[in-house]
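Hello,

Here is the structure I promised to pass on. Please open it first, then read my notes below.

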Amino acid sequence: MSRLESIDVVRLRWFVAVAQELHFARAAKSLHISRQKLSHTVIDLENELGTKLFVPGAQPTQLTEDGRAVLEQAREILTRADSAADEQPEAPAGLRVGFVPGVTVSKWTRIWGERFPQTPLEVIALAQADQEAALRGERVDMCFVRLPIDREGMSAIPLYREVPVVVVQKEHPLSVYDEVRMADLADERLQDASDLDTVAGALELVAAAGGAAIVPHSLARLHHRRDLVYRPMLDVPDTEVALAWPVGHTTDLVEDFIGVVRGRSERSSRAPARAEDHQPRKKKTAVERSSGRPAPAKKKPARRRGR
């Protein structure tokens with residue numbers, strides 16, 4: 001086996017790119033790497049082979065006699081490597097599903113793994129601000145998003161509503177309340193938590209400087225701290241979580257995942273998203289909106305305490 005056979009094909013491809021272009025900057029641009037990284041790779045390759053591949057200081061770049069011999073061998077090795085790759089069985093198609101902070105996908109990924117063990121499912125954590133760009137840029141096939149989103153060219157199945165909560169210091173007077181209204185916060189300094197990707201920072205401010213922050217219930221749980229408590233808000237709009245995907249990309253795998261999320265049994269046939277999926281749903285209780293689960297049996301309403 002020649003010494004070149006032991007060198008990884010990536011470095012050989014980079015050398016071949018320079019040898020064909022006879023210009024380091026153009027080769028680096030075509031490979032989408034820096035010129036400095038390409039130059040260092042060629043120098044390392046020369047040191048490993050114990051010979052100069054390019055004429056030192058030549059303008060324009062020129063191959064040495066050894067360089068031309070290595071180029072011929074490298075091309076043969078790359079041809080064999082490409083042929084071997086073509087003969088490999090094609091990997092099973094997979095599904096890429098994104099999710100924004102606060103959404104828990106473990107239940108659905110578990111069911112998918114049990115039901116479709118041969119089909120890879122990649123779950124990708126996304127920033128709230130990136131949810132639409134990831135879908136439209138095809139970085140994910142589907143995404144658990146927080147509404148609203150631009151519905152142009154998008155399908156979306158609303159899944160559950162999430163009650164907002166107010167987060168305050170553990171010793172705050174509002175901590176003894178069962179539920180809070182905006183009127184109760186009239187004299188409070190509200191920390192800005194409108195950017196859901198920076199909620200952790202807003203809660204740090206509440207812990208350090210006081211005041212209050214209003215965030216979705218799941219994000220309060222996600223960033224839970226022992227020195228803070230959260231209470232449900234009664235007169236602040238809920239947020240809504242939905243499963244979204246581009247209209248033109250409703251593949252069989254997408255339909256299968258919709259079936260998993262909607263709770264269809266393994267034997268049930270696929271059913272495309274129906275018009276009623278996009279219609280307003282019956283108003284749910286705070287418990288249902290917060291957790292996505294049915295409310296427990298009714299109890300006597302808790303009396304609000306405090307001022």
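Start with helix α3. Its buried residues are Leu38, Ser39, Thr41, Val42, Leu45, Glu46 and Leu49. They sit on the same side of α3, because they cover an arc of only 160° around the axis. Gln36 and Asn47 are on the other side of α3, and these two are exposed. Keep in mind that this is a predicted model.

How far apart are the end C-alpha atoms of α3? They are 21 Å apart. The helix covers residues 35–49, which is 15 residues. At 1.5 Å a residue it should span 21 Å, so the two values agree. Just after α3 comes glycine 50, with a positive phi of about 70°.

Now the sheet. It is open, has three strands and runs in the order β6-β5-β7. The pairing is antiparallel. Which strands are at the edges? They are β6 (213–216) and β7 (228–232), and each pairs on one side only. On average, neighbouring strands of this sheet are turned by 35° against each other, direction ignored.

Look next at the pairing of β5 with β6. Strand β5 covers residues 164–169. Four bridges join β5 and β6 in the antiparallel sense. As a reminder, strands of a sheet pair through backbone hydrogen bonds.

Last, helix α7, residues 199–209. This helix lies across β5, β6 and β7. Its direction is at about 35° to β5.

Best wishes

Note on methods. Residues are numbered from 1 along each chain as its sequence is written. This is a predicted model: local features need pLDDT of at least 70, side-chain atom pairs count only at pLDDT 80 or more; totals for chains, interfaces and linings use all residues. Side-chain values use heavy atoms; hydrogens and water are left out. The expected span of a helix is 1.5 Å times one less than its number of residues. Buried means under 20% relative accessible area, exposed over 50%, partly exposed in between (1.4 Å probe, protein chains only). The arc is that of the directions from the helix axis to the C-beta atoms. Two strands pair if DSSP finds at least two bridges between them. Axes are lines fitted to C-alpha atoms, for helices over the stretch in contact, and angles run from 0 to 180 degrees between N-to-C directions. Contact means heavy atoms within 4.5 Å.
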